[in-house]
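Here is a friendly set of questions and answers to read alongside the structure. Shall we look at what the strands, helices and chains do?

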Number of protein chains: 2
Amino acid sequence: MAKYSDLADVLRSRIEMGLYQEGQRLPSLRILSAEYGVSLGTVQQAYRVLEEEGLAAPLPKSGHFVSRKQSLNLLPRMREIEKHPLDILEWDEIYKVTASTPDKDVLQLGRGMPRVDTPTLQPLMRSLSHEAKRWQKDGLNYENIKGNFDLRSQVSRTLIDSGCQVDPDEIIITAGCQEALMCSIRAICNQGDIVAVESPSFHGAIQTLKVCGVKVIEVPTDPLTGIELESLELIAEKWPIRAVLVNPNCNNPLGYVMPDDRKKILVDLSKRFGFSIIEDDTYGDLTFRYPRPKAIKSQDTEGKIILCGSFSKTLAPGLRVGWIVPGRIYDKVLHTKYISSGATATANQRAIAEFMGKGKYQIHLRRMRAHYKSNRDIMTCWISEYFNARVRVSRPEGGYFLWVELPDGVSAYELSDKLIQKKIQIATGKIFSSTGKYENCIRINYGGILDERVELAIKTIGNLTVEMNISELVR
Amino acid sequence: MAKYSDLADVLRSRIEMGLYQEGQRLPSLRILSAEYGVSLGTVQQAYRVLEEEGLAAPLPKSGHFVSRKQSLNLLPRMREIEKHPLDILEWDEIYKVTASTPDKDVLQLGRGMPRVDTPTLQPLMRSLSHEAKRWQKDGLNYENIKGNFDLRSQVSRTLIDSGCQVDPDEIIITAGCQEALMCSIRAICNQGDIVAVESPSFHGAIQTLKVCGVKVIEVPTDPLTGIELESLELIAEKWPIRAVLVNPNCNNPLGYVMPDDRKKILVDLSKRFGFSIIEDDTYGDLTFRYPRPKAIKSQDTEGKIILCGSFSKTLAPGLRVGWIVPGRIYDKVLHTKYISSGATATANQRAIAEFMGKGKYQIHLRRMRAHYKSNRDIMTCWISEYFNARVRVSRPEGGYFLWVELPDGVSAYELSDKLIQKKIQIATGKIFSSTGKYENCIRINYGGILDERVELAIKTIGNLTVEMNISELVR
């Protein structure tokens with residue numbers, strides 16, 4: 001047995017015996033190193049085991065703490081199965097979230113931004129700066145419409161972790177995952193088609209379906225395991241589903257990872273009913289459990305699963321670099337990409353390829369996974385503490401979003417209006433539905449630095465929802 | 001009278017009297033300065049006047065030459081009016097031009113690339129590099145979906161030269177002009193609509209119309225004045241035209257500038273028949289006559305003209321930054337942009353805004369206009385010299401393309417195949433038509449450095465077409 005493993009056993013049993021209480025600080029590396037006569041590295045390894053098990057959480061510059069038990073929060077409820085495919089609502093509320101210029105004074109807890117100020121991104125910045133200096137070397141010219149070859153090779157290598165054997169020539173680089181989704185949907189769907197989606201679901205995908213004249217049927221979605229396959233089967237028996245659009249790994253907004261056996265059943269259903277699967281894997285690399293979850297695409301034997309990915313959440317959204325593995329419909333997707341925006345911006349692709357080629361992507365991911373995981377724990381604690389006991393909270397296994405279901409009757413829209421006056425921005429649940437469901441839900445981004453300002457904001461949100469709930473009950 | 005003007009008069013009369021012959025070198029700045037007792041700057045100004053008049057052309061590091069008369073070449077012929085709107089052909093041949101990775105050994109005369117290795121772009125590279133170093137300042141995050149405000153302000157200022165008073169909030173930044181065109185077409189057209197286009201016409205626009213299920217009617221287009229309004233009127237009387245898509249300033253591929261009075265008639269027609277105008281002004285800033293031509297948009301009183309522009313041809317295509325002024329359909333275009341690729345890449349927008357803010361854009365344009373104009377003259381001379389006398393050549397007033405009509409029966413496609421074996425790439429005429437017209441036409445990019453290698457290539461193309469023409473006649 002390794003030394004770190006022994007030490008982890010000791011610490012685990014002390015936590016379980018209640019010697020260290022929830023939220024309490026654990027002994028420092030230095031003290032444990034002296035006490036057990038092991039190296040600092042061994043203590044660190046022991047703590048990493050406890051972190052993996054969810055027993056301890058690191059707080060930057062403050063050491064380790066006993067994790068608060070998260071099972072105290074109720075999970076968000078699943079919605080009932082819909083009776084018909086429906087037309088998609090207007091985008092006025094999405095516009096509020098996406099089109100407003102971020103005001104520096106407003107705390108942005110609603111947008112989809114990852115944390116981009118970590119030192120592990122510095123090599124990427126150096127590559128970008130380097131690109132700008134190599135300006136006479138074609139960096140200003142059109143890139144290949146399929147995307148930079150080195151970048152496609154790097155993506156191809158990374159996809160092995162998702163269980164996918166994909167040749168660089170089967171990959172098309174896009175301007176972010178949004179373009180990848182748009183190209184997939186345009187290539188597969190015709191006006192009047194029916195597409196099944198998770199509920200809640202990413203607004204960018206829903207709105208794309210809307211513009212393509214597609215009707216959407218939202219499938220009840222379990223906050224721990226994803227789209228309900230039993231409901232999907234019922235729906236597919238009743239309606240001619242053209243495609244199912246899923247975000248199975250570190251789902252936005254719920255954070256679940258769909259279990260492998262359920263992924264397999266989905267693939268079986270797709271074969272039985274002849275629908276395509278559009279898989280949005282934007283957040284998969286941000287899983288808290290390593291190795292990362294497999295893509296549904298890894299079970300594709302017929303080239304009918306379209307995999308979409310992106311560097312927007314793992315590196316930086318401002319780069320606008322994503323990708324698509326279109327399988328059988330490669331030609332149609334490439335044509336759609338060509339008319340959509342031509343080739344993707346050149347220098348950004350090259351810089352990312354260089355960054356990945358130097359092994360910096362995995363280093364950055366390791367750091368971000370640990371950061372987001374620790375933040376999930378902190379944010380979950382804060383919500384338990386500051387919100388009404390009837391609040392329901394997701395338990396993300398990756399990514400940087402919490403989905404919070406407020407008591408019935410509390411309008412997230414009203415809440416959002418009140419919060420914006422207090423310089424706090426959140427995303428309202430309605431935009432994650434094609435038909436305006438989730439009126440009492442909000443999505444909170446915990447990706448940033450969780451300082452006192454954020455804690456105060458969460459307290460403010462909590463207090464406001466409690467007030468709103470009381471006035472709702474009185475009404 | 002200014003001194004430079006006097007000197008220009010002297011030189012002009014000498015050229016007209018035949019003292020200096022076509023293609024002959026003119027006296028150097030130093031000699032004229034000494035001879036007339038004026039400053040070098042005055043001589044330079046005098047030469048600039050002659051350049052403007054098309055009498056003299058500068059050749060880098062070699063001084064000035066008497067321009068060869070270009071009127072010797074016949075103009076390409078206009079095609080007849082079409083009987084019906086037609087479905088658009090497949091894109092296999094376009095794919096060859098756009099999707100192939102540029103081979104370093106192949107001389108690229110077919111693609112749409114501008115020259116990007118001039119020192120006037122260095123400040124842009126510095127801004128880009130600077131952006132990469134300011135990475136902690138939000139440069140990696142999503143930009144506003146409408147586009148960076150500073151950039152929109154700069155575009156708004158630049159548009160004054162096109163006669164357009166447009167507020168920054170009426171502009172949406174896009175991933176190049178292709179995305180601008182796509183958003184316009186998607187926002188205006190429905191499946192089955194009829195759109196009138198110039199003939200020949202930019203392939204990216206035609207293919208976008210194809211994907212939108214739109215039928216196209218090509219309108220005969222004069223190589224000097226643009227779309228034939230008389231034909232357009234006949235067409236609009238017969239068919240319910242939804243929109244007219246034009247590229248009136250420094251047209252791609254013909255290079256004409258549509259005269260202002262004809263632009264006005266087009267606007268009148270649009271009011272009379274109720275069609276929209278989609279104006280692609282990608283090349284307008286690269287005019288050889290200063291001030292630059294007005295946009296059709298400048299005559300818009302109803303918000304029904306959609307103006308699309310880009311930095312792809314004036315700065316660098318690899319940046320993927322364009323814009324759109326959607327007028328009345330602003331909301332719909334913004335939604336289309338949002339689902340198409342979300343916000344446009346952040347750092348590139350900021351770098352261009354900084355570059356423009358420092359006045360570097362106009363400096364760069366001045367240089368490029370002179371460069372392209374001189375190259376047009378040289379390339380036109382080479383074609384007159386090396387091609388069959390029956391060749392017909394456009395007379396561009398801006399941009400960097402020559403449209404060459406080979407004798408009937410010579411297949412540009414066959415020519416292209418033969419040339420690629422000799423490491424020379426050209427664009428075949430067919431891709432500029434929705435129905436495969438222009439089989440005997442090619443487009444040549446004269447934007448690069450016209451060295452001996454290019455001259456040899458033009459000679460090779462000329463020789464091959466002469467051979468192909470003879471075998472066609474014998475057949």
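Q: How many bridges join strand E1 of chain B to strand E2 of chain B?
A: In this predicted model, E1 covers residues 56–59 and E2 covers residues 63–66 of chain B. The two strands run antiparallel, and B:Pro58 stands opposite B:His64 in E2(B). The number of bridges joining E1(B) to E2(B) is four.

Q: Which residue takes a positive phi in the hairpin of E1(B) and E2(B)?
A: This hairpin has three residues between the strands. A positive phi near 65° occurs there, and the residue that takes it is B:Lys61.

Q: Are helices H2 and H3 of chain A roughly parallel or roughly perpendicular to each other?
A: H2(A) spans residues 29–36 and H3(A) spans residues 40–52, with their axes 9 Å apart. The packing angle is about 110°, and angles of 65 to 115 degrees count as roughly perpendicular. H2(A) and H3(A) are therefore roughly perpendicular.

Q: Which residues in H3(A) does H2(A) meet?
A: H2(A) passes H3(A) in a right-handed crossing. The residues of this contact divide into four nonpolar, two polar and no charged. From H2(A) come A:Leu29, A:Leu32 and A:Ser33, and in H3(A) they meet A:Leu40, A:Val43 and A:Gln44.

Q: Which helix gives the largest share of the side of chain A that touches chain B?
A: The contact takes 52 residues from chain A and 52 residues from chain B. Elements giving two or more residues to the chain A side include H5(A), H8(A), H12(A) and H13(A). The largest share is seven residues, and it comes from H12(A).

Q: How many residues on the side of chain A that touches chain B are charged?
A: That side divides by residue kind into 24 nonpolar and 22 polar. The charged residues there number six.

Q: What is the radius of gyration of chain A?
A: Chain A has 16 helices and 16 strands, and its C-alpha trace spans about 65 × 65 × 45 Å along the principal axes. The globule rule gives 23 Å for 475 residues and the chain's value is close to that, so chain A is as compact as a globular protein of that length. Its radius of gyration is 23 Å.

How values were computed: Residues numbered from 1 in each chain as written. Chains lettered and ligands numbered in written order. Predicted model: local features only at pLDDT ≥ 70, side-chain atom pairs only at ≥ 80, totals over all residues. Pairing = 2+ DSSP bridges. Axes fitted to C-alpha atoms, helices over the stretch in contact; angles between N-to-C directions. Parallel < 35°, antiparallel > 145°, perpendicular 65-115°, else oblique. Left-handed = near helix turned anticlockwise from the far one by under 90°. Contact = placed C-beta atoms within 7 Å. Nonpolar A, V, L, I, M, F, W, Y, C, P; charged D, E, K, R; others polar. Rg over C-alpha atoms; globule rule 2.2 N^0.38 Å.
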